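Please find below a note on the model under review. It is arranged as numbered points.

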Amino acid sequence: MKFELSDDQALLRSSTRDFLARACPFEASRRTMEHDSRGYDSALWQGLAEMGYLGLTVPARAGGQGLGTVELAIVLEEMGRACLPGPYLDVVLAATLLAAAGGQDALLADLAAGKTVVTIAREEAAFAGSPGVPARFEGGRVRGTKYFVPFAAAADGLLVPTRDGVCLVQKPLAVTALATLDPGQRFGEVRLDHAATLVGPPGLLERVDLVAAVGAGAMLLGIMARLLEMTIAHVQTRQAFRRPIGAFQVLQHRLADMLLKTESTRSAVYRAAWCLDTSDADAALACAAAKAYAGDAARLVCGEAIQMHGGIGFTWELDLHFYFKRAKTLEQHYGSTESQLERALAAAGY
Amino acid sequence: MDLQLSAAHLHFRNELRAWLAANLPRPWREELRDPRATETSLIELRRAWQKKLYQAGYLGMDWPEQWGGRGGTEVEKSIMEAELARADAPPILNILGIGLLGPALIHHGSEAQRRRFIPPMLSGDEIWCQGFSEPGAGSDLAALKTAARLDGDHFVLNGQKVWTTFGPWADWIFVLARTDAKDRYGGISFLLVKLDTPGVSVRPLRQITGESEFGEVFFEDARVPREHLVGQTGEGWRIAMTVLGYERGVGSLANSARYGRDLAQLAAACKELGRTGTAVREKLGRLVVENEVMRANGIRALANLADGRAPGPESSLEKLYWSEFDKRFRETALDLLGPGGQLLRSSPAARADVDWAREFLWSRAGTIYSGSSEVQRNIIAKRVLNLPQDAR
């Protein structure tokens, strides 16, 4: 029994951290987030493909590395730490769906090679609770409107869940950009009246939802770990009343709570990933718990990070707000906290 | 990363599960709601249960065999604690002896002390209580004033201890006493005192639950044989710190099993009462999630132990997590049950599943005893985050 990473896993962590530091230092990510209309950098995307990250969990038969969810969590935690913009998690989830469907090895190989970008179009309404019109697949065509489609403007194709099954459509797509507060994520509203091919039954999304929960949880973990580091560094150098503000017990206790939330998220996320990889009976509960907890924890950690930085924490200039905004996207998408609470209750049998 | 128990640990766990199934007369919650149960009868039941565990070789799990232990590992001890919780076994009566004094004697005691005190501690024949806190020394424990003056081959003890859990039923107390008024930390010594020594008196204190599980202990010229000093004169603080490290230890797995059982009862109660609206579901869902994360913390702690990583100051995170969760859980349970949740066990209308009113009141204790939440946050800030010495 061992919670720490194996040698191979530790190597994956350190090499990912090195790669991201080299290929997308924060200044580069900031440029992408502020100025790139697609929301990610093509050269970096090719780098992610060449280094095997895009095919991390893609089966070996389709040109991927065939690694597990623990390895995916390691990579996503590092991407969270780096505040990496772009559709990495979204493409991994599309690949998860295609691998579960079977018979899609050619497309999977293209995804892993970075030749094509496919994401999943889930949301059927812009606001929670508003009744959407469910997308339908009939006579070889898919019809409906999808909201908050990840990186729709840049995608070559979309996986579209409908009540009749999940189908695949190709570009050109009619996309209206939905600009949100998070410049690290791009969304579009997509009106569909397209020829489509059926990929498989709606049940394929079950596995996707579990991986999405762990994956978003891992990115949230990386964000929290990074902001805690930044905040500790800040309170140790920032002076007020002739001492570093980190000497004040009122901040020390809140920093202790930030560590508690961050490390508890780490326990929950990696346990959930391990449960998925071993088909553990607790996997559904562990995944829902990890995502719901990570979302709540990130609110506290990101909020406290801004508060303890004071005025500078509210400026565009400081990097902090990009993390704060990524965290909000990750919290509300990939299975919102509200939906994960219901999933947790269902998994526990309540 | 591998979160599966090893084959040997699985074997140990399964053997223990089978033993519990054959030997546990009935779950603790049923003992508690037996109308004939009294405070004294429950103590005797716990004593008998402890003896049974001891005779089967399940106590002193990680202590050397030559002193009455099993010679096992801390991993087996954690597994055992989790299994006892899962089976809803009665709590170990001599928890302060086994949990705190035992490690102190193993690390710092003399051979004669280990042989004299450990076997009856494990069997439940001698119950121990802990004499650390004083009216003027709680979180600031080193401010303690109870004095021990050497007089020939005895220490003469004067002073007062308070919040002494099990004081009213214990046979012995381990005491931190001041042997040098001028040396704040180095002037403290660790003494073992029999409670029927002339000059020692115990007064029960009534707690907010109405029970008297703790009390006050007074020392007036009580004479304690010199051989009941643990370690050397002036080593008391160091010994106490070893001991408190054990107290904060790795219990998340056992705790989440216990909370999981009460959560299942709460969920069933909500269903039965028709409390299925979204506000209720959200509250219940957060409790389930937080308890599951506690379990993940427990699995991580167990895996670290098995991996040869002894728990350090980060075990304060576990104490902080469960004790703060306990308060939220019990508050929320009353929210969900409504006024009926406040009924005392003696009321015929009270629910039979869990004594919700008592658990609610009890939850206020966990963030105070064994190092308050404030003390735990101080430890985390200084020893895990390495923040500067604070300005209070």
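Predicted model: local features only at pLDDT ≥ 70, side-chain atom pairs only at ≥ 80, totals over all residues.

1. Residues are numbered from 1 along each chain as its sequence is written, and chains are lettered from A and ligands numbered from 1 in the order in which they are written.

2. Chain A is assigned domain 1 (7-112), domain 2 (118-200) and domain 3 (205-348), with bounds from an automatic or database domain assignment. The C-alpha centres of domain 2 of chain A and domain 3 of chain A are separated by 29 Å. Each of these two domains gives 7 residues to their contact (C-beta atoms, placed from the backbone, within 7 Å).

3. Helix H7 (residues 205-237) of chain A packs with helix H9 (residues 283-309) of chain A at an angle of about 25°, their axes 8 Å apart. H7(A) and H9(A) are therefore roughly parallel (angles under 35 degrees). Their contact residues comprise 24 nonpolar, 5 polar and 1 charged.

4. Ala100(A) lies in helix H5 (residues 88-101) of chain A. Ala100(A) counts as partly exposed because it has 18 C-beta neighbours inside 10 Å (buried is 20 or more, exposed 12 or fewer, partly exposed in between). Neighbours within four places in sequence aside, Ala100(A) is in contact with Leu204(A) and Arg207(A).

Definitions and conventions:
Axes fitted to C-alpha atoms, helices over the stretch in contact; angles between N-to-C directions. Helix = DSSP H or I, 4+ residues; strand = E, 2+ residues; numbered from the N terminus. Parallel < 35°, antiparallel > 145°, perpendicular 65-115°, else oblique. Nonpolar A, V, L, I, M, F, W, Y, C, P; charged D, E, K, R; others polar.
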